[in-house]
Amino acid sequence: MTTLTLRQQPQAPLEADAISPDNFAGKTAAAIGCLPVMHGNESAVLGDFFEIDGDGSSEIVLNGDLSRVKNIATRMKQGSVTVNGDAGMHLGAYMCGGLLHVSGNAGDWAGAEMTGGKIHIRGNAGHGLGGAYRGSRQGMNRGLIVVEGNAGNEVGALMRRGLIVVKGDAGDFAGAFMIAGSILVFGRMGIRAGAGLLRGTIVAFQPPELLPTFRYDCTYQPDFLKLVARE
C-alpha cells in the first residue's frame, strides 16, 4: 500500500493526474515523489505537497483535504484509490477499471466519460457526474457510480451505458441527451430531467417534474430494482 498525506494545502488548484495505481506501479517512494504535477501554471512534483509512505502498489490511500487537488485517478485502469477526505474536480475521469472510494465530497466532473470501474462517494458530488465534457458526444460508457449524498446538475448527461445511483437529491438536467444506461435518484430531482433523452432509464423515487415531451403512462415497481438494491 502507498500512502500519500497532504503536507500543505495548495495555494492554487493542483493538477495531479499522476496519482493513479498505473503510474505508481513498480516505483519507489522517492520516484513517486518526483512525478510531475501542475500547481496553477507552475510545474512541481508530488513530493512538494505530499508525504509519501510505501513503494508503488495497486492500492493507494490519500489523506487530507484534497478539494483543491484535481484529476485524481484519471484514466485509472486497475487497483484501488481511497481518499480520506474531500476530492477535487475530475476525480476518476476517463476511468476504465479499478475501485475509487471517497469518504468526503467530490468536485465537478467526477467519473466524466468513464468506461469501467466503480466510484463510491460518501458525501456529495458536483456537477457533471458521469457526464460528458463540453463538445463531447458521449458521457459515461459502462461502470458504476454511487453517491451517498446529493449531486449537482447534468448527472449522466449524454450517458451511453453504466449505472449511476444518487441516494440524495440531483440537480437540473439529470440524464440530458442520455443514449443508454440507468440513473437512480432516491431524493428529489431538479427540472428538465431527461431532456433530449433517446434511450435509457431514469428511476425517480420522488415525483419529478415531467417535460412536455413526456406523458404519464403508469406506476409500477420493476423487478430489476430488487437486484440493483441488493447488489
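**Salt bridges and nonpolar cores in the predicted model**

At 44% relative accessibility, Arg122 counts as partly exposed. This value, like the others reported here, was computed from a predicted model. Arg122 takes part in a salt bridge with Glu148, in which the closest N and O atoms are 3.5 Å apart. Glu148 lies in the loop between β11 and β12, whereas Arg122 lies in the loop between β10 and β11, so the pair ties together parts that are 26 residues apart in sequence.

The structure holds four salt bridges. A further one of these joins Glu148 to Lys167, with the closest N and O atoms 3.3 Å apart. This pair links distant parts of the chain, with Glu148 in the loop between β11 and β12 and Lys167 in the loop between β12 and β13, 19 residues apart. Lys167 is partly exposed, its relative accessible area being 42%.

Asp169 is likewise found in the loop between β12 and β13, and its partner Arg188 in the loop between β13 and β14 (201-204). These two residues form a salt bridge whose closest N and O atoms are 3.1 Å apart, and they are separated by 19 residues. Asp169 is partly exposed, with a relative accessible area of 23%. Arg188, at 59%, is exposed, because the limit for that class is over 50%. Through shared partners, salt bridges join Arg122, Glu148 and Lys167 into one network.

The largest nonpolar core comprises 50 residues, among which Leu46, Phe50, Ile72 and Leu129 touch the most other members. Two or more residues are given to this core by each of the strands β1 (2-6), β6 (59-63), β8 (80-84), β9 (96-102), β10 (116-121), β11 (141-147), β12 (161-166) and β13 (182-185).

The surroundings of Phe50 were considered in detail. When residues up to four places away in sequence are not counted, Phe50 touches Leu4, Thr5, Leu6, Arg7, Leu14, Ile19, Leu66 and Val69. Of these contacts, Leu4, Thr5 and Leu6 fall within the range given for β1 (2-6).

Methods:
Residues numbered from 1 in each chain as written. Predicted model: local features only at pLDDT ≥ 70, side-chain atom pairs only at ≥ 80, totals over all residues. Heavy atoms only, no water. Core = buried A, V, L, I, M, F, W, Y, C linked by side-chain atoms within 4.5 Å. Buried < 20%, exposed > 50% of the residue type's maximum accessible area, 1.4 Å probe, protein only. Helix = DSSP H or I, 4+ residues; strand = E, 2+ residues; numbered from the N terminus. Contact = heavy atoms within 4.5 Å. Salt bridge = Lys/Arg side-chain N within 4 Å of Asp/Glu carboxyl O.
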